[in-house]
Amino acid sequence: MAKNTTGVKKPTFKKTMKEVARFKGVYLIMLPAIIWYILFSYVPMAGLSLAFKSYKAKLGIWGSPFTGFSHFEKLFQDPRFIDSVIRTLKINGGRLILTFPCAIILALLLNELRVGRLKKVLQVTFTFPHFLSWVIIASIITNVLSFDGIVNSAIDLLGGEYVNFIGNAKLFVPLVYITEVWKGAGWSSIIYMAAIAGIDQEQFEAADIDGASRWDKVWRITLPSILPTIIIMFILAAGNVMTKGFDQIFNMNNAAVQKVSQTLDMYIYNVTFNAKKTDFGYSTAISMFRSVVNLIFLIAANTITKKLGGNGLMGGND
Amino acid sequence: MGKHKKNYKMRFQWPDAIMLAVLVVLALLIVLPFLNVIAISFTTPKAYADTPLLLFPKVFTWENYETLFQDGRILIGYRTSGKFLLMAMPMNMFLTTTIAYGLSRSGYPGRRFLLKFVVFTMLFSGGIVPLYLTIKSYGLIGSMWGVALSEGINTFYMIIMLNFFQSLPESLVESAKLDGAGEYKILWKIVLPLSKPVISTVFLYYLVDRWNEWYNAMIMVRDTQNTPLQLVLRNIVLDSQNLDNIMTESVEIFTFSAGIKMGAVVVTVIPVMCIYPFLQKYFTKGIMLGAVK
């Protein structure tokens, strides 16, 4: 525990223990949570060692014998795995370009709106879907877009052709983006609304005196002022590029779109929980790949955020 | 929000009209699917087939809900989710509050290490496969306890709470210590009463998360008598609907009509709608406390 012993004056072991005794109440109050972290976060992390073992159900996660890197050799020759990684990066990279700006645009629109009461009503509406699970959202979307759903009925009334939205591999990824915006843009816009609310009003007043147009003010005052927030949110989103969207894709998935919905997490699910015979060692190797790559992304995101003066994920708690 | 001074150019101009129109259309895109779902759930299948653009029940009926509840799975879902909330919520709140409080205190050896120990779990995790095998090795597979325990602390929410505790004046805790109060007493009698906003926020976050729980339950509890509501909904709606979409002809071979399926959606959404006013009140606070900080 005595990690802080790097100073010039090394506190003796005895002194540290005295301090520990003085604060024993604090340690005691944290003990249940610390045990929880060990049992349900760190033990599973250690369980990743299974990636180097050949899993035997009888011997369990800890007793199974080591096999070295054989799972990883197999992994990097598994075309379905490589496909799933590329697909994940493509789909989630697309989110950064296509869905990420939507919340900013929504916040700007809401902010420019000059009808106070209605603004509140609109915001309440936009935020609501955030609190529903993807199970519910996918049910609603599937209903609305099905063959006899309201969208196809409207298309029919307007004289158009029926569109197979749900069972169409070409439309799957666009639908993923659209539904993400549908569910989350309202919630994500709150943070930008807050950033906008924090802008010094004198800037706008000065711009008014100079005769700036509304567009000028948005482009030259509002957007530059919230740029730090935008950058931080973008980097954090980029850090999640490996793991984002499993809930969503899992629930929007169906037999017709299976080829385009196999992201890395979907692949892990399928080879682990959806297979007739599961090789847990191999599954764990994929899990490990995912965790390590994700860690690299997050650390990169964190480092960049800190360089830019933000607090990063680690916060400023030290 | 948006505290523009009201003394300059508040005339309603044509850009306002366009923006208002755009926003109202967007809002309708959210509201209409819900109305559609509700309307379908209260309409007879025949009336639904005859009225394609259904936004309010044409031929009002409780029939769908009667069939839905006769099926029994929804009740199992409510029961399981209710029990699950009672298991998980006290644990979530207890573990989160105690460690947030402990970490908000300062001056004791190992605090920096503990912070790193906790924050590291936000950056790195074993993922679902080792988690599943760990829960299995604890003998918790098949029980909602396994699910509840695997989600004991959300470190992000914990940090929101920690930040709030740290913003409280330290002298409060110090003087209580001088009076000889123990840590639990300080937390319970002094810190918590001053932290109602953050406690409410984190409580509601956990409540929504636990209510929306399905994935870990799907993997860890494969028991039809012990299925949370979200999963029941998934079973009722998605499986049969997927079938529906694979087939190009609309042959009705599944047992549930659209009305019943949408009824299942409605009964799952209603509890969230009921607490939505509270969520409204607190979520902005939470996002401020946590996200950009």
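The largest nonpolar core has 116 residues, and among them Met161(B), Leu233(B) and Val265(B) touch the most other members. A nonpolar core here is a set of buried Ala, Val, Leu, Ile, Met, Phe, Trp, Tyr and Cys residues joined through C-beta atoms within 7 Å. A residue is buried if 20 or more other C-beta atoms lie within 10 Å of its own, exposed if 12 or fewer, and partly exposed in between, with C-beta atoms placed from the backbone. This core draws at least three residues from each of domain 1 (12-61) and domain 2 (70-293) of chain B. A second, separate core of 25 residues includes Leu106(A), Ile191(A), Ile226(A) and Ile232(A).

The model is predicted; local features need pLDDT of at least 70 and side-chain atom pairs count only at pLDDT 80 or more, while totals for chains, interfaces and linings use all residues. Residues are numbered from 1 along each chain as its sequence is written, and chains are lettered from A and ligands numbered from 1 in the order in which they are written.

Leaving aside residues up to four places away in sequence, Val265(B) touches Ile136(A), Ser139(A) and Ile140(A) in chain A, along with Val37(B), Leu233(B) and Val237(B) in chain B. Two residues are in contact if their C-beta atoms, placed from the backbone, lie within 7 Å.

Ile136(A), Ser139(A) and Ile140(A) are among the buried residues of α8(A). All 12 of the 12 residues of this helix are buried, so α8(A) is largely enclosed by the rest of the structure. Helix α8 of chain A covers residues 134-145, and its end C-alpha atoms are 16 Å apart, which agrees with the 16 Å that 12 residues should span at 1.5 Å a residue. The expected span is 1.5 Å times one less than the number of residues in the helix.

The two chains meet through 94 residues from chain A and 93 residues from chain B. On the side of chain A that touches chain B, helix α2 (residues 24-47) of chain A gives the largest share, 15 residues. By class, that side has 56 nonpolar, 27 polar and 11 charged residues. Ala, Val, Leu, Ile, Met, Phe, Trp, Tyr, Cys and Pro count as nonpolar, Asp, Glu, Lys and Arg as charged, and the others, Gly among them, as polar.

Chain A contains 15 helices and zero strands, and chain B has 14 helices and zero strands. Helices (H or I, at least four residues) and strands (E, at least two) are DSSP runs, numbered from the N terminus. Of the 318 residues of chain A, 40% count as buried; in chain B, buried residues make up 40% of 293. The C-alpha atoms of chain A fill a box of roughly 70 × 60 × 35 Å, taken along the principal axes. Among contacts between residues at least 6 apart in sequence, 68% in chain A join residues at least 24 apart, and the corresponding share in chain B is 73%.

Within chain B, domain 1 spans 12-61 and domain 2 spans 70-293, with bounds that come from an automatic or database domain assignment. Seven residues of domain 1 of chain B are in contact with seven residues of domain 2 of chain B. On the domain 1 side, α1 (14-41) and α2 (45-50) of chain B each supply at least two residues, and α1(B) provides the largest share, four residues. That side has five nonpolar, two polar and no charged residues.
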